Amino acid sequence: MKLQTKLMLFFSAITFVSVLSMGIFTFQVSSKMMKEQVSRGIMENLAQINKNLAFFSRDIEQLSNYIYRSDLVQEKLYKSSSRANLEKYHDFEQVNALFDSVLGTKNWTINLYIIGFNGDRYFTGDYLPPQYNQVSENWGVFRKAKEANGAAVWDTHYTIRHAESQEVVLRVGRLLKGQNSEAIGYLIIDILEPSIAELYQSNYHSIQEQMYLIDSEGYIISAYPSKTTIGTKMKHESVDTILSGQRGFFDTTLHQKKYITIFDTNEETHYKVVNYLPESEVTSGSQPIKYLTLLLIVIAFIVTVWFTYLFAISITSPMNRLKNVMKKVEKGNLDVRFQANYQDEVSELGRNFNSMIQKLKTSLQESMEKKSHLQEAEINMLRAQINPHFLYNTLETMSAIAKIKGVRMISELAIALGEMMRYSIKKDSEYVRLEEDLVLLERYLFIQEVRFQMKMKISISVEESAKKLLIPPLLIQPLVENAIIHGLETKVGQGVLSIRIYHDESVLWVEIKDDGVGMNEEKLAAVTKLLESKVNSSQLGIGLENVVKRISLYYGNMYGVTIASKEDVGTTVIMKLPMMQEN
């Protein structure tokens, strides 16, 4: 059968059940709207709880600030641990009076502890917990307070037991410091669960909802109405979504029942208020629509299954095979083919795809061959521009005549230039050692020193380990020539040319710096643009243009030449090459 015929049969079946599908759509839309409305209302309630929690957190930190700056506390913690017991008792009463004054009319359920390094212990509870008597500075709130160096830190009280109730749920700790900023003790504030519960129970009305207050790590600080999990880490499929989001609501499953998870995050404390609302409580008003929709779904399912089965077998199987073939081609395998067993449109598409892959494979092979030949031809062309055989032979003749006539300087110049020509002529390999190319550079600089006499001062610095590295021949000399001609030749007075060659782990750097006439910003911008575009331009000069194009052909766009220049100050050219060794 043709694909068109199959689609006609399929859509005929869809049309038949469209009325039934409309019932499903109606129920889903009504349920969704009801769920969104209720969820947004509860989310605003959670936001208000978070505001109350933020106010509470600020009040607690202000309380800690008052004690932190208290002269009375510092006075007591500076006292000797060996003072009389009567004096210790008076000190205890004075600090307790301080506690009463800072708590004032607050109805918080909290305990205050001051643990002095001199051995003093002051607290508001009925007893001093063992972990506050024998301080372990690498444990929990003490470690965080020590790292905070005097700032207030919050710590969730974790537990591994599912107790019926958990008293302390949060701790605030501060490292107390003296007048000379030396540590003299710790201030610990234990916040009991009732203090947290008071912040949200006034905004909480439905006993059918389960609410949690969790920290940024997912540990439960408070819960309502069930409090058995306080202090433990929330272990539910929804926790990852809650921890990664700021606020929102989504569907989930809790105790094998459908719930709506609604949460909001406090921007200051980063605590999250999470509400699990039974979906049945929200959708109970749409039960008649639900039952009707279920009946329609059953009928639609029976009618649709048969058509879907036939459609899936005839359509999805070849399309999946074609998709798998496309994925293999996408990964670079051009040898795969689609097995077209039918005469429908999918099989015809598969045959066309096979033809396209074959043409693509042939085209890629031809393109690679053309690119290889083009690069080889262009490199040979560029190198041929600096291979004048006739000039070398002429210089050899000039040198011989100069020796016969006794003109030593002309002979040495002719020999130096001749050796440069011989170097450019005989180098057949793509790469040479850097030390070989430096010999050419020395010959060139000798000629320029003779030419300009005392006009130039030349400095060359080459790392010893870089001399054995490989580079394409005749890369450095054109850049040096460019610096002399365009930078130093037109300068009034003596100029300095500095050549520095070094490398790091993977890059060989060649830096050529002169203090010549330099370039203004407009000209530098134009030259830089030409370098980046790598187009032919007479503005760059044949030497610099050849260097840029050869680097691009050999190594690609990761390497090349950059220029920095300032008018009447000088120019710096930096060439970046990969670090290549003979092995």
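1. Helices (H or I, at least four residues) and strands (E, at least two) are DSSP runs, numbered from the N terminus. The model discussed here is predicted, so that local features need pLDDT of at least 70 and side-chain atom pairs count only at pLDDT 80 or more, while totals for chains, interfaces and linings use all residues. Residues are numbered from 1 along each chain as its sequence is written, and side-chain values use heavy atoms, with hydrogens and water left out.

2. The structure holds two cavities of 30 Å³ or more, a cavity being a set of points, on a 1 Å grid over the protein atoms alone, where a 1.4 Å probe fits but cannot get out, with lining residues having an atom within 4 Å of a point. The second largest cavity has about 30 Å³ of space, and its lining consists of Ile-49, Leu-53, Ile-196, Leu-199, Tyr-200, Leu-213 and Val-273.

3. For that lining, H2 and helix H7 (193-201) each supply at least two residues, and the largest share, three residues, comes from H7.

4. Helix H2 (residues 18-68) also contains Ser-39, which is buried at a relative accessible area of 0% (buried means under 20%, exposed over 50% and partly exposed in between, with a 1.4 Å probe and protein chains only). Leaving aside residues up to four places away in sequence, Ser-39 touches Phe-249, Ile-260 and Ile-262, contact meaning heavy atoms within 4.5 Å.

5. Arg-443, in helix H14 (residues 434-452), counts as partly exposed at 29% relative accessibility. Between Arg-443 and Ile-415 the C-alpha to C-alpha distance is 9.0 Å, although they are 28 residues apart in sequence.

How values were computed
On a 1 Å grid over the protein atoms alone, a cavity is a set of points where a 1.4 Å probe fits but cannot get out, and a pocket is an open set with protein on both sides within 12 Å along at least five of seven lines; lining residues have an atom within 4 Å of a point. Grid points are joined across faces, edges and corners, and a volume is the space filled by probe spheres set on the points.
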